[in-house]
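Hi everyone, thanks for making time.

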Amino acid sequence: MSGVKRKRNVLNVKQKLEILQKLDNGESASTDAEDVLNEGNAISHSAALQSAETLLDYMGQRGFDYGDITAVRERCADIQQEMNKQQKQRRITDFFKQ
């Protein structure tokens, strides 16, 4: 595996200072550090749907079983439903902020 570089998630100075301040105040900061490090690894709903559509195209070209394709389409519908739910929640939150 020589020549393979691994991506390292590193906290920047501001993030480190915020976590240290929380520790000084007696708060737990372990979950904050994990959240910051995982932030870049999150995938958006729209990116997931695009990936799923690519997968469906591939499955169709390769003659996958109809049941498998249907299962992927159901997951796409679940993602779309979750995306709509979050969008609705944001609109409600934004409405009450005004």
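Let's start on the outside, with a nonpolar patch on the surface made by Leu 55, Tyr 58 and Phe 64. Together these three have about 270 Å² of accessible area. Areas here come from the Shrake-Rupley method with a 1.4 Å probe, and for residues only the protein chains shown count as cover. As for the word patch, the members need over 30% relative accessible area and no salt bridge; nonpolar side chains (Val, Leu, Ile, Met, Phe, Trp, Tyr) are joined within 5 Å, while like charges are joined within 9 Å.

Take Leu 55, which sits in helix α3. Is Leu 55 exposed or only partly exposed? Partly exposed, at a relative accessible area of 39%. The cut-offs are under 20% for buried, over 50% for exposed, and partly exposed in between, with a 1.4 Å probe and protein chains only.

Before we go further, a word on what you're looking at. This is a predicted model, where local features need pLDDT of at least 70, side-chain atom pairs count only at pLDDT 80 or more, and totals for chains, interfaces and linings use all residues. Residues are numbered from 1 along each chain as its sequence is written, and side-chain values use heavy atoms, with hydrogens and water left out.

pLDDT, by the way, is the predictor's confidence in each residue, from 0 to 100. The mean for the protein is 75, with 61% of its residues at 70 or more. Where is confidence lowest? That's helix α2, residues 30-39, with a mean of 56, while helix α4, residues 66-97, has the highest at 87. So please keep your eyes on α4 for a bit.

Overall, we have four helices and zero strands. Both are DSSP runs numbered from the N terminus: H or I over at least four residues for helices, E over at least two for strands. Of the 98 residues, 12% are buried. The protein exposes about 8600 Å², and carbon and sulfur atoms supply 51% of that.

Now for the inside. In soluble globular proteins, nonpolar side chains tend to be buried together. Here, the largest nonpolar core has seven residues: Leu 49, Ala 52, Leu 56, Met 59, Ile 69, Val 72 and Cys 76. By core I mean buried Ala, Val, Leu, Ile, Met, Phe, Trp, Tyr and Cys residues joined through side-chain atoms within 4.5 Å.

Have a look at Cys 76 in there. Leaving aside residues up to four places away in sequence, Cys 76 touches Leu 49, Ala 52, Glu 53 and Leu 56. Contact means heavy atoms within 4.5 Å. Among contacts between residues at least 6 apart in sequence, 45% join residues at least 24 apart.

Glu 53 has a place in helix α3 and is partly exposed, at 40%.

Last topic: charges. Side chains of opposite charge can pair when their charged atoms come close. How many salt bridges turn up in the whole structure? Two, counting a side-chain nitrogen of Lys or Arg within 4 Å of a carboxyl oxygen of Asp or Glu.

One joins Asp 78 and Arg 75, at 3.1 Å from N to O. Both residues lie in helix α4, three residues apart, about one turn of the helix. Asp 78 is partly exposed at 38%, and Arg 75 is partly exposed at 45%.

Then there's Lys 85 with Glu 82, where the closest N and O atoms are 3.9 Å apart. This pair also lies in α4, three residues apart, about one turn of the helix. Lys 85 is exposed, at 56%, whereas Glu 82 is partly exposed at 30%.
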